[in-house]
Amino acid sequence: MMSAADFAAIRLTLELAAVTTAILLVIGTPVAWWLARTRSAWKGAVGAVVALPLVLPPTVIGFYLLVMMGPHGPVGQLTQALGLGLLPFSFAGLVVGSVFYSLPFVVQPLQQAFEAIGERPLEVAATLRAGALDTFFSVVLPLARPGFVTAAVLGFAHTVGEFGVVLMIGGNIPEKTRVVSVQIYDHVEALEYAQAHWLSAGMVAFSFLVLFLLHSRKRGGAR
Amino acid sequence: MSSAAAEPLPGAGIEACFRLAWPGFALDAALQLPGRGVSALFGHSGSGKTTLLRCLAGLERATDGYLAVRGEVWQDDARAVFVPTHRRPLGYVFQEASLFPHLSVRRNLEFGLRRVAAAERRVSLDHAIALLGIEPLLERMPERLSGGERQRVAIARALATSPRLLLMDEPLAALDAQRKAEILPYLERLHGELDIPVVYVSHAPEEVARLADHVVLLRDGRVLASGAIDEVMPRLDLPFAHDEEAFVVVDAQVAGRDERFALTRLEFGGLPLWITGLEAPLGAQVRARVLARDVSLALAERHDSSILNVLPARVVSLDDASPGRTLVRLDVAGRALLARITTRSAVQMGIAPGMSLFAQVKGVALLR
């Protein structure tokens, strides 16, 4: 059966995923909106940066974040100057890492949803006296709702499945940075295959369920 | 004829001037439209009529533009004035109804209404609903409406904002003939019941003839002609008159009827014009259409033919329509008629400008 440490890891993982997803929705929405609407020459570059975590090994992202947030990195110096201390090996550091790591999984569905809405509803709203912000909340958000659901679910699930970045910048501190994926790694290292099975099977079941719901929603939800 | 009278009063009409250059297309249009009634922007696709309409709405940003609507300046680039679309008191009906799919018909109607200050509301929601006959649809979602119903809701939605200018971009183009026929009467009602100037984009002469009071003819982003419909359509130097189905419109009054033979007598400029049928009520203002090919000419007034309408006319000008055919512009009691006859007849009869003769009108159709 699962130990107290396993449950602590699960709780920490869910907490990390929830906080990360919330932050990503707030940051990702304007980024996705900009990417969907801009004709700027920067669109390609920004889009590529957002997509980088899709192709880079998590160790690379983790390595650079570690350097940046470390005592001699620019981010580290800033956080120290602000009296926040250093981010690596803390929950806050994990959140920062996860936000980068899961960024494309939130931005891309949102961008696609915004692009699918097209120009017309925005023009219609303008001819009905709605300003830009008003239009965003009264027309864009409701029309892009399926995109937001997809983005939130993928962002959450992907953060739950994170391992490399966590190991690089978070280490393996119980109740602080030891998430499920790291806990499984520890179990395997210790040859505790039974425990590793419980957690691993749980992850498989969770991931399958999430993707299953997402896909059946897409097929059934003829919007 | 009455071009001075048709000139809009300063400040009462719509004054617009837009310049815009895109790759492969340039708009360079200056026009004055009357502050009431329906003005049609007419032209082929690519003539710039939709772009011009979008400039009027502020949806397209002409670089060097000026627009004043009934005395209010909405755009004046010389003085860096540009009122954004959502601050312009206008209504816009797109070619496809573009209802918000996530809102019911009622919430669609309320979308614009809610954003208009109470003091500026002059068209009530109930009035807009009644005008377009959409009462039974209010609780439905847009996806459950037919194309014609959607367009009626879109028109009511625009009206509910109490616009001071109503812009319509081929609102009937996406509909089949039956749906068109379903909506046209509603558009005519707008015209009759509301004092809102309408700018209506169309490439269908039939629609223009039924709805418009003023016509702007566009070609390649430029204004070819602009004026009252009964002045622009008979002009021999414009493509209207050379159309296979060329016609003129005659605004007339229902002056009498002959119950026995089921005929109605219209009167225009003191002359009678008989049409078959008894639908039009006595005293009503109606608009009739006379096709150029339905008008033939005679040098003497004849009473030995089956043609009912024989009107005294004066030849204004002639033009070759196509090989072997001649277009004759006539003045009948101050109104213009077109006759398309064979060139041989024109030569044999010695038809020339200034000549008095008789127009035999074979067919008259009531448009509204």
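**Exercise 1.** At which residues of chain A does UniProt place the feature "transmembrane region"?

*Solution.* The unreviewed UniProt entry puts it at residues 12-36, 48-69, 81-104 and 193-214 of chain A. Such annotations may be inferred rather than shown by experiment. Before going on: this is a predicted model, where local features need pLDDT of at least 70, side-chain atom pairs count only at pLDDT 80 or more, and totals for chains, interfaces and linings use all residues. Residues are numbered from 1 along each chain as its sequence is written, with chains lettered from A and ligands numbered from 1 in the order in which they are written.

Now check two of the spans. Residues 48-69 of chain A are 91% helix and 0% strand, with end C-alpha atoms 23 Å apart. Residues 193-214 of chain A come out at 100% helix and 0% strand, and their end C-alpha atoms are 31 Å apart. (Helices, H or I, at least four residues, and strands, E, at least two, are DSSP runs.)

**Exercise 2.** Work out whether B:Phe240 is buried or exposed.

*Solution.* Start with its place: B:Phe240 sits in the loop between α8 (229-232) and β12 (247-258) of chain B. Next, the cut-offs: buried takes 20 or more other C-beta atoms within 10 Å, exposed 12 or fewer, partly exposed in between. B:Phe240 has 25 C-beta neighbours inside 10 Å, so B:Phe240 is buried. Finally, beyond four places in sequence, B:Phe240 is in contact (C-beta atoms, placed from the backbone, within 7 Å) with B:Val232, B:Met233 and B:Ala246.

**Exercise 3.** Find how many residues each chain gives to the contact.

*Solution.* Chain A gives 13 residues and chain B gives 16 residues. On the side of chain A that touches chain B, α6 (120-127) and α7 (132-143) are the elements giving two or more residues. The largest share, six residues, comes from α6(A).

Technical notes. Two residues are in contact if their C-beta atoms, placed from the backbone, lie within 7 Å.
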